[in-house]
Amino acid sequence: MSISSTQQPIRNRPKRSRSIVLLAILILLGGGYGVWRNHAHAKAATTAASAQPAPKVPVTVATVRKADFPLYLYGLGTVTPLNSVSISSRVAGVVDKVPVEQGQMVKQGDLLAEIDPRPYQAALDQTKAKEAEDEATLRNAQVVLKRLSTLLQKTFETQQDVDNQQAVVNSTAATIEGDKAAIEAAQLNLDYTRITSPLTGKTSFRTIDPGNIVQADQSAGLFTIVQLQPIYVSFTQPQDEVATINKVFAAGPVAIDTLGADMKTVLASGRLEAVQNQVDQASGTISLKATFANQDNALWPGLSVNTRIRIGTMAGAIVVPDEAVQHGPDGLFAYVVGDDGKVRRQTVKTGPSDGGETVVTDGLNQGQRVVVTGQYRVVDGASVDATPAQGAGQTQGGAAEKGAG
C-alpha cells in the first residue's frame, strides 16, 4: 500500500503542467487582443483627427498704405534762457525790504529790494545846497562884473580889474556845472537804492533778507532772473548733416520740435534760430540754437530734451507699422495675408522708420494686409483668423529719421 500511494502523485503531474500552460496561453491571447484593440482605436482616432482641418491662428493685421512721410533729424539739447541776469546792489547799505517771493514771476520794472535810502538822500540834499550856494556866488560875481564894465567905459576902472572879475564869473559857472554833475551822481545813488527787475522772468532763491548789509557789486548777487518766454534750446547734430541743415535753413524757416523721454510726446514747437559758424572738432558735431515761444512754460532752463528737425518729405511712400517687419536669418520679411485667408512670408526692404511706422521700399504694395501681432504662431501657408489692429492704417506716421532702417 505504501508503494501505490507513492506512485499516484507521479501520474497526476503531467495533467497539472498542461493546465498551467493552457492558462498562460489564454492570458497571452487576452493581452494581445487588448493591445491590438487599443492600437486600432488609436489609429482610428489619428485618422479621424487628420481628416479634420487645422485650427486657424488668431492674428491682428494692418493695411499697407501709401502716404507722404516727413523726414527728421534728431538730436539732444539743453534748454537755455534767452536772457539771464544776476542782480546785485550798486550801492552799499542796509536792506530795508525784499517785496518779492523766492521763485516768483516778475515783470520788467518790478521792485525786487530796497536799500536804506536816507544816507543817499542826505548826500543829494547836500549837493543841491552846494549848487544853490555857488549859483548865488555866480549872480553876485556877474553883478560886480557888470558894474566894473560900466566904470571901465568911464575910465574909472582898469581893464585888468574887469578881466579878473570875468575870470571869477567863469570859475563860479564851472563850479556850478560840477555841482550839477554831483547832483546827478547823488541822484543815481539814491535811485540805486531801489533794485528793480531789468526784464520779465522768474526769480531764483534769494540770498538776502531785510536787515542784511550789502556791498556795492558784491559777487554773490541778490537774485538771478531768467527769461522764460521766449526761450532757447541749444543742441548738436553730426558734422555729416551740416550741408543738409544749411540747405534747409537757407530755404526758409525750419520747424523744430522738442520731445519727451518717450520720443513721442511733443513738449513744444519752435523754429531754428542759428547755426554755429564752425564744427567742434573734438566731438565732430555742429551746434545749433532754436527759439520757442514757451507760453505754457513746458521748457525750463537746464532741462535736457530731444530735438527733431524736419528736413524733407518722402512723397507716396509705402508705410506699415513697425511690428509688421520681422527679422529672419535671411533678412527682413513680413507675413502677408492673402484673399484665401492664408499667410505667405514676403521678403521686404525698408527705409526710414519712426513714429511707430516704417517705410517699405520693396516687397509690399498698397492695400495688402500684413500681420502685426501673433507672428510667433504663424508659419508660411498657415490659415489665420485675421482681426484688424486698432487704428491700423491710421497711425501717426509721418515721422522718420533720415538714414534710419
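**Notebook: helices, a sheet and one glycine**

I started with helix H3 (residues 159–192): at 1.5 Å a residue, its 34 residues should span 50 Å, and the end C-alpha atoms are 50 Å apart, which agrees. The expected span here is 1.5 Å times one less than the number of residues. Helices (H or I, at least four residues) and strands (E, at least two) are DSSP runs, numbered from the N terminus.

Before going on, I noted that this is a predicted model, where local features need pLDDT of at least 70, side-chain atom pairs count only at pLDDT 80 or more, and totals for chains, interfaces and linings use all residues. Residues are numbered from 1 along each chain as its sequence is written, and side-chain values use heavy atoms, with hydrogens and water left out.

**Still on H3.** I looked up its buried residues and got Val162, Gln165, Val169, Thr172, Ile176, Asp179, Ile183, Ala186 and Leu190. Buried means under 20% relative accessible area, exposed over 50%, and partly exposed in between (1.4 Å probe, protein chains only). The cover over those H3 residues includes helix H2 (118–153) and strand E7 (194–196).

**Helix H4.** In H4 (residues 242–251) I found Thr244, Ile245 and Val248 buried. Seen down the axis of H4, they fall within an arc of 95°, so they line one face of the helix; the arc is that of the directions from the helix axis to the C-beta atoms. Turned away from that buried side, I see exposed Ala243, Lys247 and Ala250. The buried residues of H4 pack against strands E2 (65–81), E11 (231–238), E13 (266–275), E14 (285–292) and E15 (304–321). Just after H4, Gly252 takes a positive phi of about 150°.

**The open sheet.** I traced 4 strands in the order E3-E10-E8-E5, with antiparallel pairing. Strands E3 (84–87) and E5 (105–106) stand at the edges with a single partner strand each, so one side of each has no neighbour in the sheet. Two strands pair if DSSP finds at least two bridges between them. For E8 (residues 201–203) and E10 (residues 223–226), which run antiparallel, I get 2 bridges. The partner of Lys202 in E10 is Val226.

**Gly93.** Which strand holds Gly93? I find Gly93 in E4 (residues 93–97). Gly93 is buried, at a relative accessible area of 19%. Leaving out residues up to four places away in sequence, Gly93 touches Ile115, Asn212, Ile213 and Val214, contact meaning heavy atoms within 4.5 Å. I also checked Gly93 against Val214: they are 121 residues apart along the chain, and their C-alpha atoms are separated by 5.6 Å.
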